[in-house]
Amino acid sequence: VGLWIDTLLSQSGDQTLGMLIWLGTPLAVSLLLRAFAGDGWRDLGLRLNLRTNVSMYLISLLLYPATGLIVIGAGALTGNVTLTSRSVAELLPLFGSFLLLGIPKNIIEEFAWRGHLAPKLFLLNIDTLAAHVLTGLVWGAWHLPFLGFVLAYLPEGPPTVVTRFLIGTVAASLVYGEIRLRTDSVWPAVLMHTVGGAFIATLLLEAVMTPEMAFLFSPGVEGTLTIAIFTLVGLGLYARRVSARDVHEPKEQTQS
């Protein structure tokens, strides 16, 4: 619908009516379900819960920048990424502008996916990993109508890019979902998405990738190295949470 309206109005870019419809519809549906369909508000995750989850907030803040630097650094060392001559002083205003623009957008987006979809899937009688995968697939599929920003810097056709993009959103959902479970808050996801989006957008302006190796060294969600890092971090968080649960459950059963 958003694409159709943009075509009808001859609009393009990020500041269009179609983009607003695309971005806001999942949250609007979530609010309707919570207000009128019995979903309620208890699992929305509005509280910060910062004091007991400092490590999760640090991961949310640093994971995308660390991953991006590792991926771009590996590309530069192998000669597949060339950095432009921009200085840090020139890049900081770009990062700041991306950061400010991303705050409202990512609040809207994350209150739909990590504020509604993920916690509702956690309530189902399915494995947590399956819930992460489902969230990632729906989240990734939602992006597909407006995937031009990824296709613009990759020389591949849509089939391979879309496949890796969906795998990438599943890998990212492992991390987002595990942190959501640990913190019971949607704000780490907003933080991670906003800082990550701004940092990666800045990197994509700074780094020129060899076209045939962009699939490996792209710092975006569809990059193969990025997917590998997020998968390892997500599975590590999952294993740690499950291990802690298994250790504590016998004691709780004995006390009860």
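**View 1. Residues of the largest nonpolar core in the predicted model**. This core comprises 44 residues, of which Tyr64, Val175, Tyr176, Met192 and Phe230 touch the most other members. Helix H7 gives the most to the core, contributing seven residues.

**View 2. Surroundings of Tyr64**. Tyr64 is one of the core residues that touch the most other members. When neighbours within four places in sequence are left aside, Tyr64 is in contact with Ala172, Tyr176, Met192, Gly196, Phe199, Ile200 and Phe230.

**View 3. Packing of helix H3 against helix H7**. Helix H3 spans residues 54–77 and helix H7 spans residues 158–183. Their axes lie 10 Å apart and form an angle of about 160 degrees. Because angles over 145 degrees count as roughly antiparallel, H3 is described as roughly antiparallel to H7. The crossing of the two helices is left-handed. On the H3 side, the contact is made by Met56, Ile59, Ser60, Leu63 and Tyr64; H7 contributes Ala172, Val175, Tyr176, Ile179, Arg182 and Thr183. Sorted by class, the contact of H3 with H7 has eight nonpolar, two polar and one charged residues.

**View 4. Leu94 and its contacts**. Leu94 belongs to helix H4, which covers residues 88–122. With a relative accessible area of 27%, Leu94 is partly exposed. Not counting residues up to four places away in sequence, Leu94 touches Arg86, Thr202 and Leu205. Leu94 and Thr202 are 108 residues apart along the chain, and their C-alpha atoms are separated by 6.5 Å.

Note on methods
Residues are numbered from 1 along each chain as its sequence is written. This is a predicted model: local features need pLDDT of at least 70, side-chain atom pairs count only at pLDDT 80 or more; totals for chains, interfaces and linings use all residues. Side-chain values use heavy atoms; hydrogens and water are left out. Helices (H or I, at least four residues) and strands (E, at least two) are DSSP runs, numbered from the N terminus. Buried means under 20% relative accessible area, exposed over 50%, partly exposed in between (1.4 Å probe, protein chains only). Contact means heavy atoms within 4.5 Å. Axes are lines fitted to C-alpha atoms, for helices over the stretch in contact, and angles run from 0 to 180 degrees between N-to-C directions. Angles under 35 degrees count as roughly parallel, over 145 as roughly antiparallel, 65 to 115 as roughly perpendicular and the rest as oblique. A crossing is left-handed if the near helix is turned anticlockwise from the far one by less than a right angle, and right-handed if clockwise. Ala, Val, Leu, Ile, Met, Phe, Trp, Tyr, Cys and Pro count as nonpolar, Asp, Glu, Lys and Arg as charged, and the others, Gly among them, as polar. A nonpolar core is a set of buried Ala, Val, Leu, Ile, Met, Phe, Trp, Tyr and Cys residues joined through side-chain atoms within 4.5 Å.
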